[in-house]
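Open the model in your viewer and keep the selection panel at hand.

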Amino acid sequence: MSEFFDMGGYGAFIWPSYGITALVMLGLLVASLRSLRANETQLASLESEKEKWSQQSDEWSSTPTETGTSA
Amino acid sequence: MPRLHRFANPMRFARLSKAVLPWMAVLTILLIGTGLYWALLASPADYQQKDSVRIMYVHVPAAWMGLFIYVSMAVSSAAGLIWRHPLADIAAKSCAPIGAGFTLVALVTGALWGQPMWGTWWVWDGRLTSMLILLFLYLGYMALWQAYDEPGKASRAAAILALVGVINVPIIHFSVEWWNTLHQPASVFKVGGPSIDPSMLWPLLVMALGFTTYFVVVLLWRMRAEILARRIHVLMMQQAAS
């Protein structure tokens, strides 16, 4: 097992190479997925606010409501 | 073009990307898992470079991705400039951080390979310098998007930078022939076919394919996030105006 990690004496160069690759790829993956989830949440709350707001204004005028819920 | 425009519809894009994503994610795990096993355990050590050759299985695919993503970004930028389609701009913008990440990985793993093989972490040779310029092009492109408040102006400025920077791509490819210093010449994409042994070529190709499907997954997530960000921007403006 230690032979595997030693990599013929090159372990000190091989493992950091794989480490930085994993770090960058996983980091990008997590950051991208997080911003997608955050935007989904924010858009949902904005759209429900807009719906409330247009329902409220509907009580004063009889114009048809325009709810932006076409997702 | 009408066929392409059907995919350029944001709603259709959202449906299509949701259908494609799970398959691409599974494929990425399978390919990179197989690639890692092959690269670290099942492939032979090089007769000259010994086990240090295993750095190649991440270094070379990362460098290929850095170039491939740059070309994709430039093509989407051109499509955005010519047809003014917002999805092309969104694709180009979403490419940049992924390409920058892969270029950074190629540079760092290259240094980690250079130290034991060449005796130096860095040398200002043609290949290394032109790859560093590629990283700066990505960073400049991302900075331009940040510099403008209005997406329309930002996309045009960024697209022009992306297109001017394409000149660097053939320079990177031919750098090892024009300035023959420390970096070794091509052994896969060359006249007369690959000169690398199949026992090393196959794990390399599997890893490269895994990096490509990873790119598709992250790109689709970023594009969806960007489409939502623009809707949020519009709704906030409407709210501020009312």
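Helices here are DSSP runs of H or I, at least four residues long, numbered from the N terminus. The model is a predicted one.

**Stop 1: a helix pair.** Select residues 56-83 of chain B, which form helix H3. Two packed helices are described by the angle between their axes and the distance between the axes. Angles over 145 degrees count as roughly antiparallel, so H3(B) is roughly antiparallel to H4(B). The crossing of H3(B) past H4(B) is left-handed. Now colour the residues of this contact by class: 19 are nonpolar, ten polar and one charged.

**Stop 2: one residue.** Stay on helix H3 of chain B and pick Met65(B). Is Met65(B) buried or exposed? Met65(B) counts as buried, because 24 C-beta neighbours lie inside 10 Å and the cut-off for buried is 20 or more.

Show its partners next. Beyond neighbours within four places in sequence, Met65(B) is in contact with Phe102(B), Phe211(B) and Phe215(B). Then select Val218(B): Met65(B) and Val218(B) are 153 residues apart in sequence, and their C-alpha atoms are 13 Å apart in space.

**Stop 3: between the chains.** Zoom out and show chains A and B together. How many residues of chain A are in contact with chain B? The contact takes in 24 residues of chain A and 31 residues of chain B. On the chain A side, 15 are nonpolar, seven polar and two charged.

Definitions and conventions:
Residues are numbered from 1 along each chain as its sequence is written. Chains are lettered from A and ligands numbered from 1 in the order in which they are written. This is a predicted model: local features need pLDDT of at least 70, side-chain atom pairs count only at pLDDT 80 or more; totals for chains, interfaces and linings use all residues. Two residues are in contact if their C-beta atoms, placed from the backbone, lie within 7 Å. Ala, Val, Leu, Ile, Met, Phe, Trp, Tyr, Cys and Pro count as nonpolar, Asp, Glu, Lys and Arg as charged, and the others, Gly among them, as polar. Axes are lines fitted to C-alpha atoms, for helices over the stretch in contact, and angles run from 0 to 180 degrees between N-to-C directions. Helices (H or I, at least four residues) and strands (E, at least two) are DSSP runs, numbered from the N terminus. Angles under 35 degrees count as roughly parallel, over 145 as roughly antiparallel, 65 to 115 as roughly perpendicular and the rest as oblique. A crossing is left-handed if the near helix is turned anticlockwise from the far one by less than a right angle, and right-handed if clockwise. A residue is buried if 20 or more other C-beta atoms lie within 10 Å of its own, exposed if 12 or fewer, and partly exposed in between; C-beta atoms are placed from the backbone.
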